[in-house]
Amino acid sequence: HATNSKVGEVLLYYCYCEVKDPEKLCAWQKALCQHLHLTGKVRVASEGINGTVGGSKVAVRLYIEVMLSQPLFKDILCQEDFKSSAGGAHCFPDLRVGVFKEIVPMGIDPKIVSYKETGIHLSPQEFHREVEQYLSRASQGQSDTILLDCRNFYESKIGHFQGCLAPDIRKFSYFPSYVDENLELFRDKRVLMYCTGGIRCERGSAYLRSKAACREVYQLKGGIHKYLEEFPDGFYRGKLFVFDDRYAICSNEDVISACRYCGTLWDQYKLCSSQHCRQLVLTCPSCRRKGLTACCPVCQEKELMVTSRASGQTLKEECECTRRRPRVPIERVLQRTLDAGK
């Protein structure tokens, strides 16, 4: 992967706008991607479009040009809205373009909580200054701010902003319940929110604002992606999780997570080796050589049973990892996030 990942690019973008005919936009988008030999995932809805696609540098450039000239996005989307990283068509197994209710799956009807009610967008420079102030105040134990990572636990585990509150949730659709269950935590606070490319913050901040508990809600425009372009050695430590075969991209050499089995520093995900489990696991090369390739002992045993039975069944099953995690964690205190100096 590493050798050919420099050949092309992977693009990440989204655009909230009114789409009268999502089916038509979907067909056009699919034809465009096929024509340019791009792979990846594109979600179309009446509220807009959200995509991550990979291909050659030439194809990616052309794709941006076409997207910018499409009448639907013409005055809304701009060059800046596209985040790119080294990769290519090989980063995705195939091309999937579909029509959905939401362009980011939060599980709340866009008519009820609209992206139009979003928080205040901060540029990477503004966000950087805010985080700097937050960290210095938090170290003196006097912060009225929460730095909120609204991604999933396996994303924040391998990389996050120093001193952030990172919910232990498995899917973004659990985020609203997380806010509901922990509303007191946010009361009268200033919330600085961030995610990978900015899209989850659009709806996440709107949801948080709809609860009328916070004093102010800010979000990082362009997400961690844009922040790292400006501040590769800033307050974001570790890798940036991406939803393709690369799993992560890095801007600095920091490793902040550990092997599931021996605890040595390690941040390269692999899929759990057990056929029926799709969890990601951090297991270092030496533990892998010992055969520790599943996400937990339950899966490791199951794998042995399945291989001896060879039943060919591929059911997603609960294992220790999924059962142990409450669907929506309730934060006891905010003290642990104040170890900001880390």
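**Figure 1. Salt bridge between K226 and E80 in the predicted model.** The side chains of K226 and E80 form a salt bridge with an N to O distance of 3.9 Å; a salt bridge is defined as a side-chain nitrogen of Lys or Arg within 4 Å of a carboxyl oxygen of Asp or Glu. Between domain 1 and domain 2 the count is two salt bridges. The model is predicted, so local features need pLDDT of at least 70 and side-chain atom pairs count only at pLDDT 80 or more, whereas totals for chains, interfaces and linings use all residues. Residues are numbered from 1 along each chain as its sequence is written, and side-chain values use heavy atoms, with hydrogens and water left out.

Figure 2. The domain assignment, which is automatic or from a database, gives domain 1 (9-99), domain 2 (120-241) and domain 3 (258-305 + 317-324). The C-alpha centres of domain 1 and domain 2 lie 26 Å apart. Eleven residues from domain 1 and ten residues from domain 2 take part in the contact (heavy atoms within 4.5 Å). The two domains bury about 870 Å² between them, 56% of it on carbon and sulfur atoms; buried area is the accessible area (1.4 Å probe) that two parts lose on being put together, summed over both. Y14, Y16 and K83 supply 55% of the area that domain 1 buries against domain 2, more than any other three residues.

**Figure 3. Open sheet with the order β4-β1-β3-β2-β5.** This sheet has five strands and mixed pairing. Strands (E, at least two residues) and helices (H or I, at least four residues) are DSSP runs numbered from the N terminus, and two strands pair if DSSP finds at least two bridges between them. The edge strands β4 (83-87) and β5 (95-99) each pair on one side only. Strand β2 (residues 39-45) pairs with strand β3 (residues 48-56) in the antiparallel sense over seven bridges, and R43 stands opposite N50 in β3. Helix α2 (residues 57-69) packs on the sheet, touching β1 (8-16) and β3, and its direction makes about 15 degrees with that of β1; axes are lines fitted to C-alpha atoms, for helices over the stretch in contact, and angles run from 0 to 180 degrees between N-to-C directions.

**Figure 4. Open sheet with the order β6-β10-β9-β7.** Four strands make up this sheet, with parallel pairing. Strand β9 (residues 190-194) and strand β10 (residues 216-220) pair over four bridges, and V217 in β10 is the bridge partner of V191. Helix α3 (residues 124-139) lies across β6, β7, β9 and β10, at about 130 degrees to β9.
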